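User: I have just opened this entry and would like a guided tour. Could we go through it together?

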Amino acid sequence: MTSRIEWVTSSCRLLGAIAQEFRESRPFEGMTIGTGIHLEPKTAVLLRTLFDGGARVISTGNLNSTQADTVNYLREHGVEVVGTQTRDADAHGSDLSAVLDARPQLILDNGGDLFIRYLESPYEGLLGGTEETTSGRMRLERLRGELKLPILVINDSPIKQFAENEHAVGQSVFESFMRITNRSTQGKRVVVFGYGACGRGIAANFRNGSSVVSVLDTNPVTLLNACLDGFVMRNREDALREADVVITATGADHVVRAEDLALLKDDVILANAGHFPFEIDVSGLLSDPSITSVTPSTPGLQTLLTRDGRRVHLLGEGHMVNLAGPNPLGNSIESMDLGFALQARCLESIATGNVDANAIVVPVPRDIDEMVAEAYLNLVNGLNSSGATSVGV
């Protein structure tokens, strides 16, 4: 795993440059940063970058996604890690509370869990922080009046939307499907629930894999977008009856439910790409009286057998499929380098007082988006800020 983290570190060129800068500027000197984030090699590079900026960094993972070798690596390099990989919501809650016991001045949240727990037991000294996901933003924006802190939502950056959510999530979900199932995608009927940036990327990647892709969404404007993008429109029941593969990417709970079992055909595969493991109501499916047995068929895949002999396959037990199964890699290194550069710059802006106190659950400031975009273009293509190549300008 160390060689894997070294490979990721060398590939995160934006974070590498920021870490070098932070070692001199020390924007987090004397501060504690508390984080709840997927603990895997790419996040290790981010946390070490914050540590290089002078912070005491105390972190815990998200449900199911923590990788033990990453935890060991972080501890060896000065980052404090609470807990280990768990699927137990109560144990995870205790780990989150332990992070807040350190009374961090900055919070890097992933799903809103830390900020919501902070409201249950507020303390002096919290300056604000960041929220990584749409799921977290949806939870926190209802609490603006109570939070009263600058919180920048990384997922509302256009860079995060197109670079990570659309391109990288779409690609990594496709890769994870292939890695876990080893099934073909050609000619398969794939149903994607949700046509936000992640859903768009998933739908596009499976269509590029020669699948017939249907899109379902509760928003008619979003569905119109999917229609004009050339995806198949079906009503919910017909789509599920025809599906070979069903993928959820909505941020909502119980999108696929036990009552849907009657609709699903034999050998269908269910996967979730959303942050929380509740989009597929796994407990409802497993406890439904129509299910006679549940067996692990291959690493990362369970098979549910119905009374009438149909097989329903579940990937990653309903957790994020691109961080599930054997050798999970998640999103591409370059996309996460971009997103985590946004994280580092946003936390720096809050720590140095450059973010207005009224910026409560708002998108990344435009100047940070532009700074990160320009830095990436300069690294990759040698472009200047006008978009022209530096050669001959």
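User: Among contacts between residues at least 6 apart in sequence, what share join residues at least 24 apart?
Analyst: That share is 65% in the protein chain, where contact means heavy atoms within 4.5 Å. Please note that this is a predicted model, in which local features need pLDDT of at least 70 and side-chain atom pairs count only at pLDDT 80 or more, while totals for chains, interfaces and linings use all residues. Residues are numbered from 1 along each chain as its sequence is written, and side-chain values use heavy atoms, with hydrogens and water left out.

User: How many helices and strands are there?
Analyst: The protein chain has 15 helices and 14 strands. These are DSSP runs numbered from the N terminus, helices being H or I with at least four residues and strands E with at least two.

User: And why call it as compact as a globular protein of that length?
Analyst: Its radius of gyration is 21 Å, close to the 21 Å from the globule rule for 393 residues, so the protein chain is as compact as a globular protein of that length. The radius is taken over C-alpha atoms, and the rule is 2.2 Å times the number of residues to the power 0.38.

User: What percentage of the residues count as buried?
Analyst: Of the 393 residues, 55% are buried, meaning under 20% relative accessible area with a 1.4 Å probe, protein chains only.

User: Turning to the sheet, what is the strand order?
Analyst: The open sheet of seven strands runs E3-E2-E1-E4-E5-E6-E14, with parallel pairing; two strands pair if DSSP finds at least two bridges between them. Strand E3 (80-81) and strand E14 (360-363) are the edge strands, each pairing on one side only.

User: How many bridges join E1 to E2?
Analyst: Five bridges link strand E1 (residues 32-36) with strand E2 (residues 56-60). For example, Thr32 has Arg56 in E2 as its bridge partner.

User: Which residues have the most contacts inside the largest nonpolar core?
Analyst: They are Phe28, Leu46, Leu50, Leu106 and Val372, in a core of 46 residues. Such a core is a set of buried Ala, Val, Leu, Ile, Met, Phe, Trp, Tyr and Cys residues joined through side-chain atoms within 4.5 Å.

User: Which element gives the largest share of this core?
Analyst: Helix H14 does, with 11 residues.

User: What is Val372 in contact with?
Analyst: Leaving aside neighbours within four places in sequence, Val372 touches Leu14, Ile159, Leu338, Ala341, Leu342 and Arg345. There is also a second, separate core of 25 residues, including Val173, Phe174, Ala203 and Val245.

Note on methods:
Buried < 20%, exposed > 50% of the residue type's maximum accessible area, 1.4 Å probe, protein only.
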